[in-house]
Structure formats: structure tokens, C-alpha cells
Amino acid sequence: MKNIGLFFALLLVLYSCCSPRGGESLPLLTPNFRGYVGSAPEYFLLNCFYEQQILGTKFGNPDSVIVFNNTLTINPGNRVSLCVKDLNTMDADFYVRVPYGDGVRFYFRAPGKDFDLFPKLIFEYTRTGSRLYEDKKLIVAVDSIVLDNARQSRIFIQNEGEVVHVIVGIDTVYQGRTKLPLSEYIYVEPINSKVIIDDVYFYPITQPTYYY
């Protein structure tokens, strides 16, 4: 009986990550119980009903990172990692809002473990412009591509071999090469702000996109 109870408890937790309203809390035994319980745990899933399910991990205060209706809210002082298993050659498509604060930071070609020990690409999208770093070295700064706290932004990150492409809306921040290896992981953190990711999709790249 204990094993059966544990199985159903685990099933409820998994469904809480995938359900349309997985962030709501309801008593377990009520007439309107809809099959989920509690808030998202430290690990969570996005796009559960799509082929490319995104596994997320919270770093910081788990209660300050909220998953609700497939929307991810990251409050100040926290970071999340997002990945699709075995997918590192990809297009990552983010719909992002920063309702207040300075901006949002993306780490990509970043390790899944020992985050602070290895180099990575860092893209900062802020109210004063956009910047891309290869680890700590500034690669490009574009003062004209700026965050507007009142508007949603679409941010597109492409990784294919040595080629990197970062776009905000229809504006290219950077297209070029890097020696940093591919990675499954993209990390997102606020810059003195709250970040709301309304939608995010990781698409596999099936054929070359750029020719040099």
C-alpha cells in the first residue's frame, strides 16, 4: 500500500509540472480537485505536450521562481537553467517581459555542472543596450537594441557548430563564430529585475543555415 501511495504522489507531482495550471494549490480531497497539487518543485517541465519538452532547474529561492500556465516568472536574485535532453544544435526562441528593472541575462554554451568554473557566452539585454560576452570578453555592444519595460520582446538564440546568432525582434545583435563548445543548457537570470518568460521553444536544427 505504501508503494502504491508513493506512486500516486509522484504522479501528482509530475502532473503538477505539466498541467495548464500547475502553479495553483488545492486541497487533495475536494469536489473540484483537478489532478495537481502545490507549486512547481525545484525541477520543472515546460512544453510538456510537445516533442521538445524543456527541463528547468531553479537556482536560488525555489519559491521565487514560479511556473503557471506554462509561463515562467523569475524574481530578482534567482536563476534558472533550461534544456532539452541531447539537443545542443538548436534555435532557442524566447518571449520575454521585464516589467521593471534593468534587464535580463542569458548564459549559453554553458555547462550543466560546475557553472562558475567554465567559460560561456553571456548575452545581456538591458535598458541601455545589448551586449554579448565570450566569458568575460566583450564581443559586441549594440546601443540601439534596448529593453522596453512596457513591451514583450522576442529573443532568438541560434547555436550551430561554431556559429552563433542572437536576434531581438528583427534586429541582429550578433552573428559570428565562437570556439566555445555547444551545450544543451541556456541559463536565464534577471538583472535587478523580474523576468517573465511567456513562451520558450527549443527547435532542433536539421540542416545548415549559414554558409561561409
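Let's start with Asn159, which sits in strand 10 (residues 153–160); strands here are DSSP runs of E with at least two residues, helices are runs of H or I with at least four residues, and both are numbered from the N terminus. Its relative accessibility is 1%, so Asn159 counts as buried (under 20% relative accessible area is buried, over 50% is exposed and in between is partly exposed, with a 1.4 Å probe and protein chains only).

The Asn159 side chain makes a polar contact with the side chain of Arg109, at 2.8 Å. A polar contact here is a pair of N or O atoms within 3.5 Å; within protein, one must be able to donate a hydrogen and the other to accept it, and residues adjacent in sequence count only if both atoms are side-chain atoms. Setting aside neighbours within four places in sequence, Asn159 is in contact (heavy atoms within 4.5 Å) with Asn88, Thr89, Met90, Phe108, Arg109, Val164, Leu182 and Ile205.

## What kind of model this is

This is a predicted model, where local features need pLDDT of at least 70 and side-chain atom pairs count only at pLDDT 80 or more, while totals for chains, interfaces and linings use all residues. Residues are numbered from 1 along each chain as its sequence is written, and side-chain values use heavy atoms, with hydrogens and water left out.

The average pLDDT (the predictor's confidence in each residue, from 0 to 100) is 83, and 78% of the residues score at least 70. Over residues 2–40 the pLDDT is below 50, and this stretch has 51 contacts in the model beyond near neighbours in sequence. Residues 208–212 also stay under 50, with 11 contacts beyond four places in sequence.

## Overall build

Of its 212 residues, 48% count as buried. Take the contacts between residues at least 6 apart in sequence: 61% of them join residues at least 24 apart.

## The cores

In soluble globular proteins, nonpolar side chains tend to be buried together. A nonpolar core here is a set of buried Ala, Val, Leu, Ile, Met, Phe, Trp, Tyr and Cys residues joined through side-chain atoms within 4.5 Å. The largest one has 41 residues, and Leu72, Leu82, Phe94, Phe106, Phe123, Val188 and Phe202 touch the most other members. Strand 6 (residues 90–110) gives the most to this core, with 8 residues. Another core, of 6 residues, lies apart from it and includes Tyr107, Ile122, Tyr133 and Tyr187.

Beyond four places in sequence, Val188 touches several residues, among them Ile74, Leu82, Phe94, Phe106 and Ile197.

## Ile191 in strand 13

Ile191 lies in strand 13 (residues 185–204) and, at 11% relative accessibility, counts as buried. Its C-alpha atom is 7.0 Å from that of Gly101, 90 residues apart along the chain. Not counting residues up to four places away, Ile191 touches Gly101, Asp102, Gly103, Val104, Arg105, Glu124 and Thr126.

## Aromatic pairs

The whole structure holds 10 aromatic pairs. Rings of Phe, Tyr and Trp (its six-membered ring) pair if their centres lie within 6.5 Å; planes under 30 degrees apart count as stacked, over 60 as edge-to-face and the rest as tilted. Tyr201 and Tyr203 have ring centres 6.1 Å apart and planes at 25 degrees, so they are stacked. Tyr203 is partly exposed, at 38% relative accessibility. One aromatic cluster is formed by Phe59, Tyr107, Phe115, Tyr185 and Tyr187.
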